[in-house]
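Morning, everyone. I have one structure to show you today, and we will go through it piece by piece. Here it is on the screen.

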Amino acid sequence: MNLTLRQVLSRQTFRLYDRISYRSLPKQVALTSQCPVIQLQFRNYCEERMETKKLPQLMEFPPIMWPSFMNFIKNWMFANFIIRPYFDQEFSLNEFIEASKHAVQVVSEALQRSDFKTLEGLVENKAISSLRLAVSKLSMSQRQMLAIDKEDIFYAFPYQVGVMFDDADKRWVEITMCYHVMRGLKSMKEAGDLPPISLGVQPEYQDKIFILNYRFIREFTKGVEGSWWVNIVNHFQPHLVFKK
């Protein structure tokens, strides 16, 4: 009896096969050709299990993983020479980064629950429609990957800060954020068990590391009391992006 089949088949099925004498089999039939359907189903099952561990991108948006030095200079200039003096004198990029982490936790937990009602007022309607479709295609295990605790974010930076105007003298500020996340980091910190610096290249940590891209926008037109909205939400696993 083929050892591979012995491991795959249940005990009951194994006993059934064990009753069959090999002498009764035609000589031209190789033992490895037995139960090809079971072998195929087992292979498909393994492939499906692997697919459920992958989190596809939620929205069509080029994945951002690392900061740009040129953008860093531009972002600092926009924040200090345009936004603060002309739009919001109390604006602080560092304070925005910390506040945005809370928004990430609220949005991601709502996505994990498929609670799109909570996203109203936080995420643009067009983005909500795209997210609703994307989440509906995810398996239950993939949805569990969406919820992010802000304490699990170990690196966050504004990739790009932009200021937009139109002919009606309306103006907006748009900030694209990138977050590096390791699921379970909060618990590890509380236990005093910090991960190694090289965690990104160690296989045991790869499935726990996620990168998030969120884009925030707010209207700063004179006389308009605007608030920050999210119009891009993307979660992905960097080791899968590198494989492409």
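Look at the second largest pocket. Its lining takes in 16 residues, and F72, W76, L93, N94 and P158 lie nearest its centre. Keep in mind that this is a predicted model. The volume of this second largest pocket is about 270 Å³.

Which elements give two or more residues to this lining? They are α4, α5 and β1. Helix α4 gives the most, with 7 residues. What about residue classes? The lining of this pocket has 9 nonpolar residues, 6 polar and 1 charged.

Now take P158 from that list. P158 has a bridge partner in β2, namely M177. That leads us to the sheet.

The sheet is open and has 4 strands, in the order β1-β2-β3-β4. Its pairing is antiparallel. From one strand to the next, the twist averages 15 degrees.

Strands in a sheet are paired by backbone hydrogen bonds, and the pairing can be parallel or antiparallel.

Back to the first pair in our order. Strand β2 covers residues 171–182, and it pairs with β1 in the antiparallel sense over 11 bridges. One of the bridge partners is R171 in β2, which goes with F165. Helix α4, residues 69–87, packs on the sheet and touches β1 and β2. The direction of α4 makes about 60 degrees with that of β1.

How many residues sit between β1 and β2 in their hairpin? There are 5. In that turn, D169 has a positive phi of about 65 degrees.

Last topic: confidence. The protein chain has a mean pLDDT of 81, and 72% of its residues reach 70 or more. Where is confidence highest, and where is it lowest? The highest is helix α5, residues 93–112, at 97. The lowest is helix α2, residues 11–18, at a mean of 39.

Two stretches call for care. Residues 1–33 have pLDDT below 50, and this stretch has 19 contacts in the model beyond near neighbours in sequence. Residues 42–50 are also below 50, and that stretch has 1 such contact.

That's my tour. Over to you.

Terms used
Residues numbered from 1 in each chain as written. Predicted model: local features only at pLDDT ≥ 70, side-chain atom pairs only at ≥ 80, totals over all residues. Heavy atoms only, no water. Pairing = 2+ DSSP bridges. Axes fitted to C-alpha atoms, helices over the stretch in contact; angles between N-to-C directions. Contact = heavy atoms within 4.5 Å. pLDDT = per-residue confidence, 0-100. 1 Å grid on protein atoms, 1.4 Å probe; cavity = no way out; pocket = protein on both sides within 12 Å on 5 of 7 lines; lining within 4 Å. Points joined across faces, edges and corners; volume = space filled by probe spheres on them. Nonpolar A, V, L, I, M, F, W, Y, C, P; charged D, E, K, R; others polar.
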